[in-house]
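Q: Could you walk me through this model, starting with the overall fold and then going into some local detail?

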Amino acid sequence: MRVFPKFIYKVITKEKLVALTFDDGPHPEFTVYLLDLFKKKGIRATFFVTGKNIEKHKDIIIRMIKDGHELGNHSYSHKNLIFKKKNKIKEEIEKTDMLLRELGVKGKILFRPPFGRILFAASHVLVALNKKVIMWNVPTKDYKLNDPKVILKRIYKRIKPGSIIVLHDSGIDRVGNKINRQATIIAVKALLDELPKRGYKFMTVSELINN
Ligand SMILES: [Zn+2]
């Protein structure tokens, strides 16, 4: 039996494929704006949502599924799992999976830990639940940067075929303060125009893994 779950930071490929991922949502304003944008451009992304936010915005989750986006598990409460006991971690993950299933999510549900951090206790649980852990190789720091140009610069510097880009679509920052997602949204708009010009094709994380 594996001791550590499978961590995926990027996919090895020569093709210019890239996955946009959004953590912490959905949010009634920012996420819906992104969904409209993606629909117009025919692009699908992956959203790692929290159970708490699923309960608040079931309509948005249903729309995401309908629009062909991938829904991933980002725990129920978005607490740091490093300090949690095994049974609590299991509960956080299973409850969120169940909420997603109830709304119609099919197939394997990928997991991304809150703050990108887990330790041994979580590792055991994730192996037992047969979860793939999706990290990223293009960090944007959009949770603290409010200049879209800086976010874009970080992305263009690091992006390569098979990249997983992490962005955020919630209405609060890491410590719970309200945040305006203007910078992320402006950056995403620019990416949707620029990356195809550079030959990149957007896909969901599962599509990228299975490509
Ligand atoms: Zn998060």
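This is a predicted model: local features need pLDDT of at least 70, side-chain atom pairs count only at pLDDT 80 or more; totals for chains, interfaces and linings use all residues.

A: Residues are numbered from 1 along each chain as its sequence is written.

Q: How many helices and strands are there in the chain?
A: The chain has 8 helices and 8 strands, taken as DSSP runs numbered from the N terminus (helices are H or I, at least four residues; strands are E, at least two).

Q: How much of the chain is buried?
A: Of its 211 residues, 41% count as buried, where buried requires 20 or more other C-beta atoms within 10 Å of a residue's own, exposed 12 or fewer, and partly exposed a value in between, with C-beta atoms placed from the backbone.

Q: Switching topic, how do helix 1 and helix 7 pack?
A: Helix 1 (residues 30–41) and helix 7 (residues 182–197) meet at an angle of about 10 degrees with axes 11 Å apart, the axes being lines fitted to C-alpha atoms over the stretch in contact and angles running from 0 to 180 degrees between N-to-C directions.

Q: And where does Asn146 lie?
A: Asn146 belongs to the loop between strand 6 (138–139) and helix 6 (148–158), and it counts as partly exposed because it has 13 C-beta neighbours inside 10 Å. The C-alpha atoms of Asn146 and Asn180 are separated by 8.6 Å, although the two are 34 residues apart along the chain.
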